[in-house]
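Subject: A structure for you to look at

Hello,

Here is the structure I promised to pass on. Please open it and keep it beside this email as you read.

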Amino acid sequence: ARAAMEATQADLAKHHDDPGLNRAFWLLLQIPMAAKDADFRGALAGLGVEISSSTPSPAELAAAFTQAVTNHVDAAKARTDLGQMAQMAAVEVLADVVTARAAGLFGDPPDQIQRELAGRATEAQFAGLARSFFARFMERFLGYYVGRELPLNIGAGERFPNLDGQRDFVEALALHSRQASLIVETFAGSWYSKARFEQDFSEARTNRFVAYSLKKIRDELAMGAK
């Protein structure tokens, strides 16, 4: 893990203000608050997330979220691999929320997805969403770099004797990313509370939160790998 972080530190620090990364996280923050609006569809449209009705399916919401991020980065002419990773991480987190009651959807009200999302607009729930997002993002980010080297290190006399050894390494690195992301959860709730009190969930403020979170996770990963 330490070697992976040393190899990626400069790139991650350089791209902490990536438009795709920042927009994906900002939308993940905004959508639960939009779900508290009586006009859910209109509130989402104001964020650039276009759905066909106020009761979208999980698949439609995920597709609309993806398109909103894509439109933003295309307009800025700033599409990057890092931004794509962040977009996919955010969609996975969003999917986890809207499918939380998948086993009981039969008989649930049509606006159940909106209800599930609105329930995440609290300090504690935001902290959990933030941790989940950064864990998934860092797992993808580290895997992106490490994945290019892994095939070159399998076989007799190499780092991994077989594919099972490589798989174990990837799983361990993913676990390490999830554990390191706990540090975000410890301060995300207080950040959310202060932003709500000051009525400022602007992109600029949220982008600073993203940059600080990534720095803390990088430090935690490097420290935990020693």
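**Aromatic rings**

Start with Phe133: at a relative accessible area of 0%, Phe133 is buried. Buried means under 20% relative accessible area, exposed means over 50%, and partly exposed lies in between (1.4 Å probe, protein chains only).

Before going further, note that this is a predicted model, in which local features need pLDDT of at least 70, side-chain atom pairs count only at pLDDT 80 or more, and totals for chains, interfaces and linings use all residues. Residues are numbered from 1 along each chain as its sequence is written, and side-chain values use heavy atoms, with hydrogens and water left out.

Back to the rings. The structure holds 16 aromatic pairs. Rings of Phe, Tyr and Trp (for Trp, the six-membered ring) pair if their centres lie within 6.5 Å. Planes under 30 degrees apart count as stacked, over 60 as edge-to-face, and the rest as tilted.

Now take Phe126 and Phe209. Their ring centres are 5.7 Å apart and their planes are at 50 degrees, so this pair is tilted. Phe126 lies in helix 7 and Phe209 in helix 10 (residues 203–224), so the pair ties together parts 83 residues apart in sequence. Both Phe126 and Phe209 are buried.

Which residues form one aromatic cluster? The members are Phe25, Phe126, Phe133, Phe134, Phe137, Phe141, Phe187, Trp191, Tyr192, Phe201, Phe209 and Tyr212.

**The whole chain**

How many helices and strands does the protein have? There are 10 helices and zero strands. Helices (H or I, at least four residues) and strands (E, at least two) are DSSP runs, numbered from the N terminus. Of the 226 residues, 43% count as buried.

Contacts come next. A contact means heavy atoms within 4.5 Å. Among contacts with a separation of 6 or more, 71% are between residues 24 or more positions apart.

Two packed helices are described by the angle between their axes and the distance between the axes. Axes are lines fitted to C-alpha atoms, for helices over the stretch in contact, and angles run from 0 to 180 degrees between N-to-C directions. Angles under 35 degrees count as roughly parallel, over 145 as roughly antiparallel, 65 to 115 as roughly perpendicular, and the rest as oblique.

*Helix 2 and helix 5.* Helix 2 (residues 19–34) and helix 5 (residues 81–98) pack at about 15 degrees, with their axes 7 Å apart. That makes helix 2 roughly parallel to helix 5. Their crossing is right-handed. A crossing is right-handed if the near helix is turned clockwise from the far one by less than a right angle, and left-handed if anticlockwise. Helix 2 brings Gly20, Leu21, Ala24, Leu28 and Ile31 to the contact. Helix 5 brings Leu82, Gly83, Ala86, Gln87, Ala90, Val93 and Leu94. These residues divide into nine nonpolar, three polar and no charged. Ala, Val, Leu, Ile, Met, Phe, Trp, Tyr, Cys and Pro count as nonpolar, Asp, Glu, Lys and Arg as charged, and the others, Gly among them, as polar.

*Helix 4 and helix 5.* The axes of helix 4 (residues 58–75) and helix 5 come within 10 Å and cross at roughly 155 degrees. The two helices are therefore roughly antiparallel. The crossing is right-handed. Pro58, Leu61, Ala62, Phe65, Thr66, Val69 and Thr70 in helix 4 meet Gln87, Ala90, Val91, Leu94 and Val98 in helix 5.

The contact includes Arg23 of helix 2 and His72 of helix 4. Its residues divide into nine nonpolar, two polar and one charged.

**Two loop residues**

Lys77 is in the loop between helix 4 and helix 5. Its phi is near 50 degrees, a positive value in a residue other than glycine. Lys77 counts as exposed, at 81% relative accessibility.

Gln199 is in the loop between helix 9 (182–197) and helix 10. Phi of Gln199 is near 50 degrees, a positive value in a residue other than glycine. At 74% relative accessibility, Gln199 counts as exposed.

Best wishes
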